[in-house]
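Subject: Structure handover

Hi,

Here is the structure for you to look through. My notes come after it.

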Amino acid sequence: MHERLSFHMKRNSVIHRLNPLTKLVLILALILISFTSPWYWTPHFVLLLAIIPLSALGGVFPEFFKTATRLILPAASFLFLMQAFFQPIGEDVIFKFYFLDITQESLMFAFRNAMRVFVMVSAFTLFLLTTHPSELMSDLTRRGLPPQFAYVIISTLQILPQMQAKAQTIIAAQRSRGLDTESTFFKRAGSVVPLVGPLVFGSLVEVEERAIAIEARGFTSKHSKTSLHEIPDPSFDKVIRWVLLALVILSIAANLWLA
Amino acid sequence: MLEKIKNNFNTQTWVLIPIAIAINIAIGQIVVLLKLPVYLDSIGTVLVAVLCGPWAGALTGALSNIIWGLAVDPNALPWWPVAFFIGYVAGRMAQWGFFKEWWKVVVTGFAVALTAAIVSTPIAVYLYGGITASGSSFITAYLMQTGTGMVQAVLSTGFLVEPVDKITTAMLAFAIILGLPKRMIGGYPKPEQVEVSGGASKNQMYIAIGVVVLLVLFAAFMLRNILGG
């Protein structure tokens, strides 16, 4: 049995104890505010004053920092460089390199855009670190999400590591039989079929069996199902959600009003 | 409307969707390993769209990007509408009978590519200011430097890059369906959409591949013209 694929870190913190929906609303609100607020420094402050303190409060700062530097920072820096060099805006050239020029405007523009993307991705990372996928799914199902969606998400997270392991096995097996996966372009392109074929056919064979198995467990039953775990949703959480919603509306209104 | 959506989904559809999502991600990673200049990360989406219908395909695409974002690489998350429309258009094309012969599959791939290019443009423009973190952004950046407007630059990059990827995806999905025994297709909602109308011979496949190679060469030629001029 393979480990289920998720970022989730089991801790006992204030953030972990929040209702999953509250956390989802929280990060969506942070993202929307940093994208819509008319004030230039909003995304920077959202990161410094909301996301990083929240990750510390949730006791996941080391993991958050690791993911941020390993996954998000490279993409955001690449984005920053591309935009700083290539946005053809502004007059005030401060740095020139052959035909590439950085103006003050393009630098500011790139910095804000990269920061917005950084906020978006890091907010989701924070959410994933502090929320267990099945907790989120059972809470959303209780609120009316069709249970089939929960099945799809949770079973994908289970199947994915198995599939990746299977892909590694197939690659190793085909290589040992002499399949060329490293030389010229045509050899590499030609090895797509012997790698993809076994993987796909092998997985599609299981579909019918699985369908019968979950059918036998009442998958399509219309009756409401009971849950073993009750996920608490105190009134404190409801207040937080409304406050966040108000902040988002305020930010969008300010954006429209000043535009 | 609701009935039409519902008839895309039976238990086999719900079981196929997670497997298709895993196929998308696993093949996407194999292709990265082979260092090929395509993504091929929507083969599973196209399979679901063709076997179960446009709405099931759209759902698979969207969830695929969301799960990719949640579990593997958070940078994939904002692109879920693109995957949604890839699945939807592939399903519609299959409904109109465009998934029964090789040349029709190429047309489907082309239609999917155009959709992907159009849908990804607003995301690239509004979220990233035109230049995203993917390699093809160098073309966009070049076009913008030479004075092309942001929207046109992003859109033309999409039109240049997407067709190769999406036509290959559609052809691989078709080859997979041809390889499946009939008994395994019968349980899905729309097995009649892939009833091959006698034209799936090897010769047809070679002609289709030839056409695609010509298209690629043409795209490369256009690209050089644009970059050269």
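Below is what was found, starting with the contact between the chains.

First, a caution: this is a predicted model.

**Chain B against chain A**

The contact draws on 60 residues of chain A and 55 residues of chain B. Together the two chains bury about 5300 Å². Carbon and sulfur atoms account for 79% of that. On the chain B side, Trp14(B), Leu34(B) and Gln145(B) lose the most area to chain A. Those three make up 12% of what that side buries.

Polar links across this interface are also listed. Five residue pairs are in polar contact, both partners at pLDDT 80 or more. Several helices of chain B supply at least two residues each to the side that touches chain A, including H2 (11–33), H6 (102–128) and H8 (150–179). H2(B) gives the most, with 17 residues. By class, that side of chain B has 41 nonpolar, eleven polar and three charged residues.

**Thr11(B)**

Look at Thr11(B), in helix H2 of chain B. Its side chain makes a polar contact of 2.4 Å with the side chain of Glu215(A). Is Thr11(B) buried or exposed? Thr11(B) has 8% relative accessibility, so it counts as buried.

**The salt bridge between chains**

How many salt bridges cross the interface of chain B and chain A? The rule finds one. It joins the side chains of Arg183(B) and Glu208(A), at 3.0 Å from N to O. The pair runs from helix H10 (residues 206–216) of chain A to helix H9 of chain B. Glu208(A) is partly exposed, because its relative accessibility is 32%. Arg183(B) has 59%, so it counts as exposed.

**Two domains in chain A**

Chain A splits into domain 1 (14–131 + 233–258) and domain 2 (139–216). Their centres, taken over C-alpha atoms, are 33 Å apart. Five residues of domain 1 and four residues of domain 2 make the contact. The area buried between these domains is about 310 Å², with 52% from carbon and sulfur atoms. On the domain 1 side, Asn19(A), Leu21(A) and Asp233(A) supply 72% of the buried area, more than any other three residues.

One salt bridge is counted between the two domains. The side chains of Arg143(A) and Asp233(A) meet in a salt bridge, 3.0 Å from N to O. The domain 1 side that touches domain 2 has two nonpolar, one polar and two charged residues. Two residue pairs are in polar contact across this interface, both partners at pLDDT 80 or more.

**Other salt bridges**

Over all chains, the structure holds twelve salt bridges. One of them pairs Glu63(A) with Arg11(A), the closest N and O atoms being 2.9 Å apart. This pair links distant parts of the chain, 52 residues apart. Glu63(A) is in helix H4 (residues 61–86), while Arg11(A) is in the segment before helix H1 (14–17). Glu63(A) counts as buried because its relative accessibility is 18%. Arg11(A), at 34%, counts as partly exposed.

In chain B, Glu101(B) forms a salt bridge with Lys104(B), with the closest N and O atoms 3.8 Å apart. Glu101(B) has 14% relative accessibility, so it counts as buried. Salt bridges that share partners also join Asp139(A), Arg142(A), Arg143(A), Asp233(A) and Arg241(A) into one network.

Best wishes

How values were computed
Residues numbered from 1 in each chain as written. Chains lettered and ligands numbered in written order. Predicted model: local features only at pLDDT ≥ 70, side-chain atom pairs only at ≥ 80, totals over all residues. Heavy atoms only, no water. Contact = heavy atoms within 4.5 Å. Buried area = accessible area lost by both parts, 1.4 Å probe. Salt bridge = Lys/Arg side-chain N within 4 Å of Asp/Glu carboxyl O. Polar contact = N/O pair within 3.5 Å; in protein donor to acceptor, adjacent residues only side chain to side chain. Helix = DSSP H or I, 4+ residues; strand = E, 2+ residues; numbered from the N terminus. Nonpolar A, V, L, I, M, F, W, Y, C, P; charged D, E, K, R; others polar. Buried < 20%, exposed > 50% of the residue type's maximum accessible area, 1.4 Å probe, protein only. Domains from an automatic or database assignment.
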